[in-house]
Amino acid sequence: GACWWLEALHEKLCAEVFASDHLFADDTPVPVLDPGRGKTKTGRLWVYAREQRGWGGADPPAAVFLFAPDRKAERPIAHLRDFKGVLHVDGYAGFEQVAARPDVTLAACWAHTRRKFYDVAQATGSPIAEEALRRIADLYAVEADVRGKAPAWRLAARRKMSAPRVENLRLWLESQLAQVPARSTLADA
């Protein structure tokens, strides 16, 4: 009964969040009862969040959660059918289909990239992984400096400080990739 009463509020919150021009999207596995089998199966709880305080945005933070029985790409495609703007995501390939539309731009998550290098560095002490972490930390430092500044100021600072670092990182990673085993966790990172 409570779900019926809250459904209108959830729909209003979805409309408000999906009208944003910047969203963060992710999913997490959740155990779901599987009646008749005596066990659970894995469903997905998709979250779409708006958080603009870090860059001086006017809209308050908000998040909506949508349940799906699986992780098929059709889920975020349906959820984001009316979304237009920048979508901050992890490396899940299903989001690429959303970004195939000309009015959606994917912003990949550095934390997900960093995590792979961190895991390799912790497990093996790889100097390449350690250097990648240092270079990513340099990008994080730029973000710390621009946080809360006006959008035009952040964009100019990123073009001046981050863009060359990202390009240098790309070139360095490509040169390192040629030197490591293709099927290694370091190559995957």
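Here are a few questions and answers about this predicted model.

Local features need pLDDT of at least 70, side-chain atom pairs count only at pLDDT 80 or more, and totals for chains, interfaces and linings use all residues. Residues are numbered from 1 along each chain as its sequence is written, and side-chain values use heavy atoms, leaving out hydrogens and water.

Me: Which strands stand at the edges of the sheet?
Reply: Strands here are DSSP E runs of at least two residues, and helices are H or I runs of at least four, numbered from the N terminus. Two strands pair if DSSP finds at least two bridges between them. The open sheet of 5 strands has mixed pairing and the order β3-β2-β1-β4-β5. Each edge strand has a single partner, so one side of it lacks a neighbour in the sheet, and these strands are β3 (62-68) and β5 (104-108).

Me: What is the bridge partner of His 88 in β5?
Reply: Strand β4 covers residues 85-89 and pairs with β5 in the parallel sense over 5 bridges. Within β5, His 88 has as its bridge partner Ala 107.

Me: Is Asp 34 buried or exposed?
Reply: Asp 34 is found in strand β1. Buried means under 20% relative accessible area, exposed over 50% and partly exposed in between, with a 1.4 Å probe and protein chains only. At 11% relative accessibility, Asp 34 is therefore buried.

Me: How many Å separate the C-alpha atoms of Asp 34 and Leu 155?
Reply: These two residues are 121 residues apart along the chain. The separation of the C-alpha atoms of Asp 34 and Leu 155 is 49 Å.
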